[in-house]
Amino acid sequence: MSKPLATTRSATGIPTGRLAVWWVLASEVVIFGGLLASYLMHRVGHPEWAEAAAATNTWIGAFNTFVLLTSSFTAVLAHQAAERGDGKKAARFLTYTIGGAATFIGVKSFEWATEIGHGFTITSNGFWSFYYTAAGLHALHVIAGAIIMGFVARDAARNRELHRVELIGIYWHFVDVVWIFLFPLLYIAK
Amino acid sequence: MTEHRHPNYRKIYFTLLVLLAVSVAGPFVGIKWVTLITAFGVAVVKANMVIQNFMHLKWEKRIAKYVLAVSLLLMALFWGGVAPDVMKHAGLRWTNDAAMAATARGIGPAHTETSAESHDAAPVAEHESVPAEPAGEEPPPVP
């Protein structure tokens, strides 16, 4: 199968696919960065939000951080396997990462259901608006990443398009990095 | 495919878990600056470890670093332009009465979706009143 020209040339010395991922992430930095910066400046201006923040569950946040760090670890092991040409092993590690994503979303669903049950909704006040917006946008990225990873894993298992294992991995680590900042902002700073 | 150097991922992963434990343990010390360092300082260290080693930015060409640096710079520009007005509730010729009132009022008990007062609090808090400006400007908000 012939490939488009853009996938075979590399003007910057970085393979085009990987460069595209960096561009995506640059825009993601502005999206999440803007959101988190807005939250931070409002939080400084509204010390009373600490009262609302005290209601978030640090242990659930910590567990989900553990899950994402572990899923990043398996994603990078998948990349290593792909570079060694072992597509089956790469696919297996990607499946573990998808499992991490499913666990993360499952835990988050339980957490949100509990919080909403206690009357903390997105319209309760400024803190909860930021909480659900930031964590919700992040959760959508987790879901999107897991779906794409499914396609990449399916190809990798047949030793096809192994370079994509690295590309989805870079994206996944970024999702992990966003959570690394969301965790102290939403769960630890009481 | 470009060959990368692969560091010891297991070691990095376990270091990240130890740092996670440090961020969770920080608030138990009960000292504010310790919590700030263990929460946000450690977050920066963890993020840097992931970016450099898992995302392989350490071995990436410089142009990718520039692309990311520019987006961080845009974020800093946003912060510099907006943060002073949001973080403070009064300046030389302006006061943000609604934000001050919201802060003084506190956040109150857990709300249900039918609580009208809580719905109003956040949007009003963002309006500014500028008493020194001539008429025709946006009217001051109702506290």
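Two residues are taken to be in contact if their C-beta atoms, placed from the backbone, lie within 7 Å. In the predicted model, the contact between the two chains takes 54 residues from chain B and 55 residues from chain A. On the side of chain B that touches chain A, the elements giving two or more residues are helix 1, helix 2, helix 3 (62-87), helix 4 (97-105) and helix 5 (116-125) of chain B. Of these, helix 3 of chain B gives the most, with 15 residues. By class, the residues on this side of chain B comprise 37 nonpolar, 13 polar and four charged. For the complex, the predictor gives an ipTM of 0.93 and a pTM of 0.87.

One part of this contact joins helix 4 of chain A to helix 1 of chain B. Two packed helices are described by the angle between their axes and the distance between the axes. Here the angle is about 170°, and the axes lie 10 Å apart. Angles over 145 degrees count as roughly antiparallel, and helix 4 of chain A and helix 1 of chain B are therefore roughly antiparallel to each other. Helix 4 of chain A contributes Thr58(A), Ala62(A), Thr65(A), Phe66(A), Leu69(A), Phe73(A), Val76(A) and Leu77(A), while helix 1 of chain B contributes Tyr9(B), Tyr13(B), Leu16(B), Leu17(B), Leu20(B) and Val24(B). This contact of the two helices has twelve nonpolar residues, two polar residues and no charged residues.

Helix 2 of chain B spans residues 32-54 and has 23 residues. From its first C-alpha to its last, helix 2 of chain B reaches 31 Å, close to the 33 Å expected at 1.5 Å a residue. Its buried residues include Thr35(B), Thr38(B), Ala39(B), Val42(B), Lys46(B) and Phe54(B). The buried residues of helix 2 of chain B pack against helix 4 (58-83) and helix 7 (163-188) of chain A, together with helix 1 (9-29) of chain B. Just after helix 2 of chain B, His56(B) takes a positive phi of about 60°.

The mean pLDDT of chain B is 81, and 72% of its residues reach 70 or more. Among the elements of chain B, helix 1 of chain B has the highest mean pLDDT (96) and helix 5 of chain B the lowest (42). Over residues 111-139 of chain B, pLDDT stays under 50, and the model has 32 contacts beyond four places in sequence for these residues. Where pLDDT is low, the predicted coordinates should not be read in detail.

Terms used. Residues are numbered from 1 along each chain as its sequence is written. Chains are lettered from A and ligands numbered from 1 in the order in which they are written. This is a predicted model: local features need pLDDT of at least 70, side-chain atom pairs count only at pLDDT 80 or more; totals for chains, interfaces and linings use all residues. Helices (H or I, at least four residues) and strands (E, at least two) are DSSP runs, numbered from the N terminus. The expected span of a helix is 1.5 Å times one less than its number of residues. A residue is buried if 20 or more other C-beta atoms lie within 10 Å of its own, exposed if 12 or fewer, and partly exposed in between; C-beta atoms are placed from the backbone. Axes are lines fitted to C-alpha atoms, for helices over the stretch in contact, and angles run from 0 to 180 degrees between N-to-C directions. Angles under 35 degrees count as roughly parallel, over 145 as roughly antiparallel, 65 to 115 as roughly perpendicular and the rest as oblique. Ala, Val, Leu, Ile, Met, Phe, Trp, Tyr, Cys and Pro count as nonpolar, Asp, Glu, Lys and Arg as charged, and the others, Gly among them, as polar. pLDDT is the predictor's confidence in each residue, from 0 to 100.
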